[in-house]
Amino acid sequence: MLAKAETKERRQKKLEQFFREAYALTFGLRPGERRRRSEDNDTGEVVTVMRTSLSKSEFASALGMRPDAVFVKKMFNIVDKDGDGRISFQEFLDTVLLFSRGKTEDKLRIIFDMCDKDSNGVIDKEELSEMLRSLVEIARTTSLSDDHVTELIDGMFQDAGLERKDYLTYSDFKLMMKEYKGDFVAIGLDCKGAKQNFLDTSTNVARMTSFHIDQLPPEDSKSWTRKQWDAISTFLEENRQNIFYLFMFYVVTIGLFIERFIHYSFMAEHTDLRHIMGVGIAITRGSAAALSFCYSLLLLTMSRNLLTKLKEFSIQQYIPLDTHIQFHKIAACTALFFSVLHTVGHIVNFYHVSTQPIAHLRCLTSEISFPSDARPTISYWLFRTVTGLTGILLFVVMTIIFVFAHPTIRQKAYKFFWSTHSLYMLLYTLCLIHGLARITGSPRFWIFFTGPAIIYALDKVVSLRTKYMALDIIETELLPSDVLKIKFYRPPNLKYLSGQWVRLACTVFRSNEFHSFTLTSAPHENFLSCHIKAQGPWTWKLRNYFDPCNYSPEDQHPKIRIEGPFGGGNQDWYKFEVAVMVGGGIGVTPYASMLNDLVFGTSTNRYSGVACKKVYFLWICPSHKHFEWFIDVLRDVERKDVTDVLEIHIFITQFFHKFDLRTTMLYICENHFQRLSKKSIFTGLKAINHFGRPDMTSFLKFVQKKHSYVSKIGVFSCGPRPLTKSVMSACDEVNKGRRLPYFIHHFENFG
């Protein structure tokens, strides 16, 4: 009996087999896929599936919903044709076949029967209201009031010419759904819980009918060579500044290496260094010049105040300031390569030196005295000379800095990353001391270091004006999805642009531990604010400290310290006549400031002389529920947007497939409500809601066609790396068409 008992694991395997078999019979197996066989024969497997039936809770789990959801109850009753309280395999298969291959009228009948609660053949307004509320429940939003429901239902009746009726017959229902008939062609069931998608399509790109993307004129047929040439030309045009400066960087770096290599190989024969140390001396001196240049250049890439100031001048058109972090990493990795080369070369040099007679070594340098006639070993050169000791310390410090700068460690242990990066002062000090022994020549590191060091020091002095100023916290608020809003005092004479960021520290923790956050307050407001999502150890500590259950403003008086503000990749939005902004996840924070600044400026004519005339904002989020605070921001922005400069589109990604029955019904309700009240049924905003990911390429083509009178359009994206990468790919794809306007992409990665 125990052997035949059905455990949870066995039941799960049966259900997996149930849905897999239903999918295989509906659409056939995927290319290359074979049916999984059990230990029993084929007949036994089929019998097992045919005998399996679903309970209401298992059906709800397959749909990714709760068993008590109204939609689940209604759908279960429709599928369970014999009314025995369970769904047989044949009943489930009949339903998914009807959705995938059935007639549109049959699909409409299912929806009608779902709404017809008492099965009397008509749908009254109360039954329709219950269905609408169940859809809103699915969307996890509470913005739909009783008045909204009544308004929507009355509007749907009126649009269909049925305003005098209080109920719908099936014929009336078909008339009401007539304009959406095409949307029911491909609907199905997205069984998230069962990891099966009973739909005819594998994509989940949102319906974007509101963009009115017309078919563009067909392009002339291009040969493979022409297409490749266009792709290369587009890449070079988009990255010409980065390529130029990267080329110049490596020309200078390799040039310094070659100059020193030639000097010590052929031009310094009179010093006898090459005869004593071999070719290693040329390699070490060449790599020393190259790494000195690279390490010194790192200081300029981190002079944030200088970079922010340069963005205000026209010179920023010729220098890719937004990519200073990427260039910092490239220069650091190049310095690492030459440092390893320099280290290996010196170990070989010291080995050669340790084999030389003492008389030769006395001619080598006058800076070192040997106490006896005993030949010094390699350990003497490594541990008893300034050059050797500082070299070992430099290698250790460099290794620590690079190991803790790895992205994985930086994300999970930011405190250690920042602490080890603070060793840069020790690194540069050791570099200055390293050459003082003059074993192979006069020290040269200071030649490269002095200029960048002075600029970096002055840049740090500028940061001191706000770094040690303790700012009072005005207000804190704990928001959904572990987002903390901090509103604090704005220092006098502090000027900044929307889209800029600060480095922020809290005095209740380590007061010298700063983290980077975008300012969400607009420049015209008399306070500063940041929205901080709890992700790492420090942000979680901050979130828990300001939790209303723990925090008492009357008893506790924490302060905020900031460095900055510093220039971000999004701050140049106002320089474009047309701009596209894309925010995803917590990456929407810069746009809280930018959109507020935009509508304030246009409504008060503050930006009358600035280029920006139209902005498209695309917000990509898993669910409205997690970002209610941002909906409030958008609501305020829409209220202030008197010149209609802003067009907002919201994309809900963590929902059911775009052709799922639930999504289609929500789409129809949203469309109706937008037409009636000019606002969303889910958010109350004028912004249009879409279900699924945006087709960025199609959208950019729509913008390109609509604004063909401009020469360039700014595209600004902020969020997780996959998001910014997809936006960049879309810009590249559209720019390959060689049509104006041209899309210029600026981005920042969050999370």
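1. UniProt positions are given in the numbering used here, and such annotations may be inferred rather than shown by experiment. The structure under discussion is a predicted model. In an unreviewed entry, UniProt annotates "domain: EF-hand" at residues 67-102 and again at 103-138. In the model, residues 67-102 are 64% helix and 6% strand, with 27 Å between the end C-alpha atoms.

2. The unreviewed UniProt entry also carries the feature "transmembrane region", placed at residues 243-263, 275-300, 330-351, 381-404 and 416-437. Two of these spans may be described from the model. Residues 243-263 are 100% helix and 0% strand, and their end C-alpha atoms are 30 Å apart.

3. The largest nonpolar core comprises 91 residues, and Phe59, Phe617, Trp619 and Phe630 have the most contacts inside it. Helix H26, residues 661-677, supplies the largest share of this core, namely 7 residues. Domain 1 (2-27 + 43-177) and domain 4 (573-747) each contribute at least three residues to the core.

4. Neighbours within four places in sequence being left aside, Trp619 is in contact with Gly583, Val588, Phe627, Phe630, Ile631, Leu634, His649, Ile650 and Phe651. One of these partners, Phe630, is itself listed among the residues with the most contacts inside the core.

5. Another core lies apart from the largest one and has 30 residues. Its members include Tyr295, Leu298, Tyr428 and Phe448.

Conventions. Residues numbered from 1 in each chain as written. Predicted model: local features only at pLDDT ≥ 70, side-chain atom pairs only at ≥ 80, totals over all residues. Heavy atoms only, no water. Helix = DSSP H or I, 4+ residues; strand = E, 2+ residues; numbered from the N terminus. Core = buried A, V, L, I, M, F, W, Y, C linked by side-chain atoms within 4.5 Å. Buried < 20%, exposed > 50% of the residue type's maximum accessible area, 1.4 Å probe, protein only. Domains from an automatic or database assignment. Contact = heavy atoms within 4.5 Å.
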